Amino acid sequence: MTKLVYGIDVGTTKIVAIAGRVIDGRRGWVEVVSVGEAPSHGLRRGMVVDREAATESVAEAIEACGGAMRGGPVSVGIAGGHISSYNTEVTLLNRSRDRVVTERLVRRLEAEARQAAFGEDESVIHVVPRSFVLDGAEGVRQPVGLAARKATMRAHVVSGAVSTIQNLLGVVEDCGVRVSRVVLEPLASSEACLLDEDRNLGVALIDIGGGTTDIATFMRGSLTHTAVIPLGGQSFSADIAYGLKLSFGAADQLKLKYGTVISRDIDDVAAVRLGDKHYNARFISQILEYRAREVFEYARDSLDEAGVRDLLPGGAVLTGGGSLLEGMDELAEKILGMRTRIAIPRRVKGDSEPVRKPQYSTAVGLLYFSAKNDDLRPKSKGARDTSFGSIMTAVKEWFGFGV
Ligand SMILES: Nc1ncnc2c1ncn2[C@@H]1O[C@H](COP(=O)(O)OP(=O)(O)OP(=O)(O)O)[C@@H](O)[C@H]1O
Ligand SMILES: [Mg+2]
């Protein structure tokens, strides 16, 4: 039986609705079967600011994707400044008579981690187990089936503001879609862009979108740190608009046509043309370089604060539309002090060629993430109800198993 999975990436500049056929759930292999896109209105940095406008945009993307996802279940990407994350650890005694750690105990540990230290206004999006300690023995990756009296789970917990999530899901629900899961966007992007080897080695994924730059780091296969920088491709265009006294639209066009962040390579007298006007190319690239440096300096500081920058031999992987400015990888390499590459969604073939671009990493990743985690999720425990209240309850309860 073919199984279909659906995703909606509600970005700052565009909404992408995507549908795929699961080839191998365990490995997260999905064939993209259709994609629809619409310009994003009514959203700012991951937050709904105009519900009606946002609903229209999402509906348009769903329509453009063929509308098939109306039956669901759909995974929705979430990002923005309201997201926070931290590492935690929880311990439980194993009461089973034969001392063997069961799936159920692991679930109780996850539930416990989900409870830890959250206010009313916060809701947990992911509890990603990083490692387990069994009776003092460190570094256990898969505890089920092993004997222990005391089990500790070390996990990375990601949470978001309840109202912000509620607003986003409300918009998607208004389009007649059944939301089954909320996924942190950089976690989704990482499924599309990274290999298990990268994640085992240690790697930082940096998704430079229109409104925000999202960071996720992985070590020994698990998510260890997440952060959001409130700057993205639109900040670059806004800077050009300000610097050259142009409209945002004209500045954006100049950026897309001639944008590079390595200003020293540009001849001082070179000019670029838009309409019947000429602009100094060096000046434009200096503006872009200045902003790009700022983004990567924030990224570097975030990795330093988390104490992970020296622990990522896999380097940095850039994705998202903002990574397409010429020279972003070179600049990132210099500022982060890490080997850097730009990634597009992996394993996309045939008719779905158009999604082989960094802008679609999140959307494609939502499919890969769903396939993998549906496969892991116990069959009996599906929260398959569709009412809004139940989705909010489910949002509070759901977690991804990570990677
Ligand atoms: N070829 C290009 N060169 C430079 N910038 C580009 C290019 N193509 C797209 N961009 C920029 O990428 C940004 C959009 O990226 P993306 O589609 O990944 O963002 P989004 O998902 O809509 O936003 P977010 O993830 O922040 O919510 C825009 O600012 C756009 O100008
Ligand atoms: Mg995005």
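1. Let me start with two helices: α8 passes α9 in a right-handed crossing. As a convention, a crossing is right-handed if the near helix is turned clockwise from the far one by less than a right angle, and left-handed if anticlockwise. Helices here are DSSP runs of H or I with at least four residues, strands are runs of E with at least two, and both are numbered from the N terminus.

2. Before going on, a word on the source: this is a predicted model, in which local features need pLDDT of at least 70 and side-chain atom pairs count only at pLDDT 80 or more, while totals for chains, interfaces and linings use all residues. Residues are numbered from 1 along each chain as its sequence is written, and chains are lettered from A and ligands numbered from 1 in the order in which they are written.

3. Back to the helix pair. The axes of α8 and α9 come within 9 Å and cross at roughly 45°; axes are lines fitted to C-alpha atoms, for helices over the stretch in contact, and angles run from 0 to 180 degrees between N-to-C directions. The two helices are therefore oblique to each other (under 35 degrees is roughly parallel, over 145 roughly antiparallel, 65 to 115 roughly perpendicular, and the rest oblique).

4. On the α8 side, Ala292, Arg293, Phe296, Glu297, Ala299 and Arg300 make the contact, and on the α9 side Met328, Leu331, Ala332, Ile335 and Leu336. Contact means that C-beta atoms, placed from the backbone, lie within 7 Å. By class, this contact has 8 nonpolar, no polar and 3 charged residues. Ala, Val, Leu, Ile, Met, Phe, Trp, Tyr, Cys and Pro count as nonpolar, Asp, Glu, Lys and Arg as charged, and the others, Gly among them, as polar.

5. Now the sheet: 5 strands form an open, mixed sheet in the order β14-β13-β12-β17-β18, where pairing requires at least two DSSP bridges between two strands. Its edge strands, each pairing on one side only, are β14 (222-229) and β18 (340-342). From one strand to the next, the twist averages 20°.

6. Both helices pack on this sheet. Helix α8 (residues 281-305) touches β12 (203-208), β13 and β14, its direction making about 35° with that of β13. Helix α9 (residues 328-336) touches β17 (316-319) and β18, and its direction makes about 155° with that of β18.

7. Thr213 stands opposite Ile229 in β14.

Key
Contact = placed C-beta atoms within 7 Å.
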